[in-house]
Amino acid sequence: MSDIPGVLRVGDLEVAVSVSDRRKSVRLTVERDSSITAVVPSQVSKAELVKMVEAKRPWLYGKLAEKRDLGRAAPAKEYVTGEGFRYLGRSHRLRVVDEGEVRLIRGRLELPRGGGARELVGWYRRVGEPWLAKRVRPWADRLGVEPSGLTVRPLGYRWGSCSRGGRVNIHWAAMQLPPSLIDYVLVHELAHLRQPDHSAAFWEIVERAMPLHDGYRDRLRRTGNDLWLPEEGR
């Protein structure tokens, strides 16, 4: 029987633990509310779990930082003419029109009457994929990787992710960022195609591709808190 308590504290980290006879390995997760959970096999001891949490500390801190970056309450929107919505770092005024689809025309973002978050999120995804597909190519060449594809979609509180098959996923909300910060998100995810964790080796890869990445990372943390992120698009 496991000797692990229901709540395990490792330094400044608090982990909610559940034991499952069906698990063959430990699963550590940073939840949407920034809590940390662990599902562990019954044969894992407290000492073994503590050692694993310690080893995963950089990864856990990284995930917690991502949720702080893209997790605060978004400014409320009423979807009326005159409201501002960012695209590629610039604010565009909304114009409510009688019919049609969401589109950016002559600097104004048109929204059909009765539309709202769902339609706007769909627009960010629609315009984001072709823009990012062109943007990712030179960075992939610089890092010496070949992503199997790129998708723009909701990712909870993460800027991006990459699958084991090499597909890069970017949060649609990233399309509100200036291009230089979108580049940082792309480089971060592409670097994971070579190094899956956030070890020193990973950051060396990022540094070689983007020597000023620390500055971009700091800007991303500050800028991310101000972006529009409705519940419907998370």
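Let's start with His213, which counts as buried because its relative accessibility is 5%, where buried means under 20% relative accessible area, exposed means over 50%, and partly exposed lies in between (1.4 Å probe, protein chains only). His213 sits in helix α6, residues 213–224. Helices here are DSSP runs of H or I with at least four residues, strands are runs of E with at least two, and both are numbered from the N terminus. If you set aside neighbours within four places in sequence, His213 is in contact with Tyr184, Trp203, Val206 and Glu207; contact means heavy atoms within 4.5 Å.

A word on what you're looking at: this is a predicted model, in which local features need pLDDT of at least 70 and side-chain atom pairs count only at pLDDT 80 or more, while totals for chains, interfaces and linings use all residues. Residues are numbered from 1 along each chain as its sequence is written, and side-chain values use heavy atoms, with hydrogens and water left out.

Now step back to the whole protein. Its secondary structure comes to 6 helices and 11 strands, and the C-alpha trace spans about 65 × 40 × 30 Å along its principal axes. Of the 234 residues, 46% are buried. Among contacts with a separation of 6 or more, 51% are between residues 24 or more positions apart.

Next, the sheets. One spot to look for is Ala16, whose bridge partner in β4 is Thr37.

In the loop between β3 and β4 you'll find Ser35. This residue is partly exposed because its relative accessible area is 29%. Leaving aside neighbours within four places in sequence, Ser35 is in contact with Thr29 and Val30.

In β6, Arg93 is the bridge partner of Gly84.

Another open sheet has 3 strands in the order β9-β11-β10, again with mixed pairing. Its edge strands are β9 (149–153) and β10, each pairing on one side only. The twist from one strand to the next averages 20 degrees. β10 and β11 (residues 167–171) run antiparallel, with 3 bridges between them, and Ser161 has Asn169 in β11 as its bridge partner. Helix α3 (residues 117–143) packs on this sheet, touching β9 and β11, and its direction makes about 150 degrees with that of β9. Helix α4 packs on the sheet too, touching β9, β10 and β11, at about 150 degrees to the direction of β11.

Between α3 and β9 is a loop that holds Gly144. Gly144 is exposed because its relative accessible area is 64%. From C-alpha to C-alpha, Gly144 and Arg194 are 8.8 Å apart in space, though 50 residues apart in sequence.

Finally, take a look at the largest pocket. A pocket is found on a 1 Å grid over the protein atoms alone, as an open set of points where a 1.4 Å probe fits, with protein on both sides within 12 Å along at least five of seven lines; lining residues have an atom within 4 Å of a point. The lining has 22 residues, and Trp59, Cys162, His192, Pro196 and Asp197 lie nearest the centre. α2 (57–69), β10 (160–162) and α4 (179–192) each supply at least two residues of the lining, with α2 giving the most, 4 residues.

Note on methods. Two strands pair if DSSP finds at least two bridges between them. Axes are lines fitted to C-alpha atoms, for helices over the stretch in contact, and angles run from 0 to 180 degrees between N-to-C directions.
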